[in-house]
Amino acid sequence: MNKATKGLLAAAVVGTAIFASQAMADGGSAGVPGSADDPVVTKSYVDQQIQRALGSGGGSGTSGLTVVELNPGQTLYGFEGTEFIVRTGQVQAVAGDKGDGLTDITEGADLRAGAPVSHNHLLLIARSDNRGLRLDPNYGGVAYIMVRGKYEIR
């Protein structure tokens with residue numbers, strides 16, 4: 001054998017040895033599919049865990065959004081932690097017992113009594129002190145409001 005062939009053969013043997021040792025090392029740490037090191041799960045299990053993490057699974061329905069229809073003469077009151085999103089209609093803010101308004105998270109503003117509420121803004125009720133929403137007195141239609149949390153219509 002000539003010198004170049006011996007060098008090429010030696011390089012191939014060394015490369016094969018390195019490759020084989022890496023393959024054996026990687027195979028040992030990954031685990032066997034279905035073992036404790038590499039569990040196999042079903043799609044339904046993954047979906048259930050995602051829903052649990054998002055907080056919308058379970059059947060209680062308290063964390064989901066409810067669409068509320070607000071008619072003339074009615075006031076929608078929220079309790080501490082309740083969220084509102086006005087979808088349609090002309091709606092005004094109703095201040096709490098001490099005059100505190102609703103928190104407009106979208107705009108970063110405090111909506112005082114009688115302030116118009118923009119559509120699609122996320123509103124937060126900070127305390128259970130009769131804060132809420134009512135239709136503008138000059139508006140004769142119906143408003144649809146998405147609500148998350150405890151609320152009351154009077």
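## A partly exposed aspartate and its partner

At 39% relative accessibility, Asp-110 counts as partly exposed (buried means under 20% relative accessible area, exposed over 50%, and partly exposed in between, with a 1.4 Å probe and protein chains only). Asp-110 forms a salt bridge with Arg-112, their closest N and O atoms being 3.2 Å apart; the term stands for a side-chain nitrogen of Lys or Arg within 4 Å of a carboxyl oxygen of Asp or Glu. Arg-112 is partly exposed as well, at 45%.

A word on what you are looking at: this is a predicted model, where local features need pLDDT of at least 70 and side-chain atom pairs count only at pLDDT 80 or more, while totals for chains, interfaces and linings use all residues. Residues are numbered from 1 along each chain as its sequence is written, and side-chain values use heavy atoms, leaving out hydrogens and water.

## Salt bridges and a network

The whole structure holds 6 salt bridges. In one of them, Arg-127 meets Asp-100, with 3.0 Å between the closest N and O atoms. Arg-127 lies in the loop between S8 and S9 and Asp-100 in the loop between strand S4 (91-94) and strand S5 (102-104), so this pair ties together parts that are 27 residues apart in sequence (strands are DSSP runs of E, at least two residues, and helices runs of H or I, at least four, numbered from the N terminus).

Glu-152 and Arg-154 also join their side chains in a salt bridge, at 2.4 Å from N to O. Elsewhere, salt bridges that share partners link Asp-100, Arg-127, Asp-129 and Arg-131 into one network.

## Charges over rings

The charged end of Arg-154 sits over the ring of Tyr-77, 4.0 Å from its centre; this requires NZ of Lys or CZ of Arg within 6 Å of the ring centre and within 35 degrees of the ring normal. Tyr-77 belongs to strand S2 (residues 75-78) and counts as buried at 16% relative accessibility. Lys-150 likewise lies over the face of Phe-79, at 4.7 Å from the ring centre.
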